[in-house]
Each structure stands twice: as C-alpha cells, then as structure tokens.
Amino acid sequence: MSMKHTELTDDLQERASLYAAGAMTEDERLEYARHLEEDQCPVCQAEVKELQSAISFFALTLPPSSPSAAVKIRLMEQARGNAPAAQQRPRGFRWVERVSAALAVLAIAVAFVLSRTNTDLRHQADLLRSRIAQLEVQLAGQQNTIAMLTSAGVRVVDLAGQGSNVQASGRIFWDQQQKRWFFSIRNLPPAPPDKSYQLWFVPKTGNPISATVFNTAADGTLSVEVPVPNEITELKAAAVTTEPLGGRPQPTGDFALLGAM
Amino acid sequence: MSEQHQVEDDDRVLIQRMASKDANALDVFYTRYNRIAFSLVFRIVRNREDAEDVLTDVFWQVWQQSSRYDASRGKPLAWLLTIARTRAIDRIRSMGRQDLHNHQQREANPAPAAPDPVIVSATRGAVQEALQSLEEQQRIPLEMAYFQGMSHTEIAAALGQPLGTVKDRIRTGMMHLRKRLRPYL
C-alpha cells in the first residue's frame, strides 16, 4: 500500500472506518498508520480525519465523571518542572523585568514604612479577616454544590430552547435525596420589563406546579437552587414559560425551554 | 462565529501556547476537558486508579506533543479523545484479559459529575440522537472496537458472524455517524 490514492473507493473507505473505530488487527493498524504518515495519502488522511472525529463523539454520550484533584496537581507539577524558564518570556522584555524589579523594591520599601503604623496594620488585618470569611462562605457554598452534583441520587435533565429561544439551553440536576433542583440556563435573553420567566414542574397527571419565577442575567445565564415539594415524585417534564411580570398560578405564555424527564 | 467554533479556535490557541511550554495553557486545557477524557478512559479501563494514571499520561502526551498537533488532521477535542482512547486501550492490553475482567467486576460506576462546560449542549444532543439512530447491528461492533479495543476478527468470533459482515457493519455504521454528525465535524 505504498502509494497515494487519487480517489476514494469502497475498500479504502472500509479501511479508514476500521482504523478510525480501532477495529484493525495490530499488523493492519501499523501498516495503515505508516501509509498515512509516510505516504501522506491525502484521500485516506481526509477520510480518517472525519471518521475519527465522528467516532470520538462516542465519549460525549458517556455519563460525565471527575478524576480526583491529585491528577491535576501531579500533571501541573510535572509540566511546570519541565517548562524551561528561558522560554517563559521573550528576551526583548528584560528591561521591563528590571524596571519591574526596581518598582517591586520600591513598593516593598513603601509597604515597610506604612506597616509601621499600628492603625494601618489593624485595618489591613480586619480587611483580610473579612475577605477570608467571604471566601469561606463561597467555598462552603461551592462544596455544597459539588457534593450535590456528585451524589448518587442525582438525575440530569436537559432543557432545549423553544420557538424564538432555540439557542437557549438549560440543565437540571435533580437531587432526589435532598429534594432539590440545581437549575442553570445559558443563552436565554432577559425577559422584557413587563414579563418574567417561570419554571414549572410538569407532573405525569394533573396541572403544572410553579417551581420559581425568575429572570436571566444580561449575559443570558442563570443558576438557582429550587426546592422540590414532597408530593412531587414522578414528573413527565420540566418547562420554562414567559409570563406576565411576577408569574401566574398556571402557565399562560409561550415555552422558552422544555425538557422531558 | 458559532459558540462551537469559538471554543475550537480557543483550543487551537491553547495548543500553540502549550507548544511554547506555557503551563498555564495546559492548566486551562485540562480544566476544559478532564471530565470527558476521564469518562472515556474510565469507560475503557473500568477502574478509577488506573483511569487516573492513564488520564495523567494522556494530558502529559498532549503537553509533550502539542508542537506536533496538525490542525488540518482534526479538531483539538477529537485529537485529545483519540489520544485518550489509544492510551486507555494500551492500558487494558497491558493488563491482560483476566486482570481486566477483575477490574470490570470491581468498579463499574464512577461518581457522576457535571459535564465539561465548554462542550456545547446542542452538540451533545445531536450526538445522542445520532447514536440512537444507529442500528443495533452496527452500534454493537462499533462499541466493541472503540471501547474494548477488539479487532474485527475478535468481534466476528465473539458475535459468531462472518468477518465480511462485521467489517461491512462497521463501515456502514461509521458512514451513518459521519452523515448525521457532519455539521459538527
């Protein structure tokens, strides 16, 4: 097979398919890889490129799962240890580094003088304590969210944009043990001033039940936690409609997002 | 420019930065895709500890080979997933079938997580639809090859089908997938 092909035949298409799917025997795979690399066959390369992209999408259908944080730490330590310092900045910027160093020394000297004032020190300490408290609250919230998203009883439901909001999408993480939804939206423009969005639980039988009334941010996003009432166990869908400002007891407006359970 | 194209352009810039040994670019690339790559590796090796080892190797290979990435040969995500799949299959082959069987018995369900945020949900939906539209007789040999690293001869033996039939079904399945996913390739 030491040649460049000029047209795609059924046989070549079959070889490209088997290669991309990983279904060749080892000998076939090595020979075909050599054909792609050494012969630089444009017909086979183009076919393999598309088919490898197509088959790689299999991964998108798998349930997402996270590696432990240790993987990233190990990887980044390896990479940072390997990164040659000389390549991190261009040579032409050395004068900038010198000026920066001088400024840094000056800043340290100024900071030293300032720090001699006890009042300033106490003020700085108060600011830092306040900032630490804020970060602890943020961290606790994020840990709570992560714990919810990774717990065993979580269902994921995707909502698709409807009508003029076809570009919008939503996702619900339904924590069935804690009876709550973590609901996020992307690309849904804020509702007009006289309108609100309303999220609905749609039971298998009976009328929809209002989950919450909201509006999206200027960038079209929303993240909100919604409690799920005890009586709700079986749903056929979740929906977002556009309603008069403040929402309505039952949906009256157009669907903005809809997702089947 | 669509959101998907913007993501791909950003990915190419990250790979260029990795090629000039900018570790921050690796950090961002890892943050973007560690979950989808881990899901794929875990699906193949079926053991968290091994999957994490393989995942480290995958991103290390991305870092080391970033200067050899050729944009004309495929999109960054497809490149990453091809590396991930290859490294994971290498791992199960090195383990031997008995060890693999034990691993699969031991750990079948990873902890769920949110998907990688840069993968556009429309793409994910289209892929789900494309795979669901595959006939089972095409999907099964494709999955046996892709996720278990089985060759066409092994698949034919396992399914008790003629080799020509298996090859044809793999080809037909791939053509179908490509046709359905063409807007995303």
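Colleague: What do the buried residues of H2(A) pack against?

Modeller: They pack against helix H1 (10–21) and helix H3 (42–56) of chain A, contact meaning heavy atoms within 4.5 Å. Among these buried residues are Tyr32(A), His35(A) and Leu36(A). The model is predicted, so local features need pLDDT of at least 70 and side-chain atom pairs pLDDT 80 or more, while totals for chains, interfaces and linings use all residues. Residues are numbered from 1 along each chain, chains are lettered from A and ligands numbered from 1 in written order, and side-chain values use heavy atoms, without hydrogens and water.

Colleague: What makes Cys41(A) buried?

Modeller: Buried means under 20% relative accessible area, exposed over 50%, and partly exposed in between, with a 1.4 Å probe and protein chains only. Cys41(A) has 0% relative accessibility and therefore counts as buried.

Colleague: Why is the pair of Phe58(A) and Phe147(B) called tilted?

Modeller: Rings of Phe, Tyr and Trp (its six-membered ring) pair if their centres lie within 6.5 Å; planes under 30 degrees apart are stacked, over 60 edge-to-face, and the rest tilted. Here the centres are 5.5 Å apart and the planes stand at 45°, so the pair is tilted.

Colleague: What is the pair of Phe29(B) and Tyr33(B) called?

Modeller: This pair is edge-to-face, with 5.3 Å centre to centre and 70° between the planes.

Key
Helix = DSSP H or I, 4+ residues; strand = E, 2+ residues; numbered from the N terminus.
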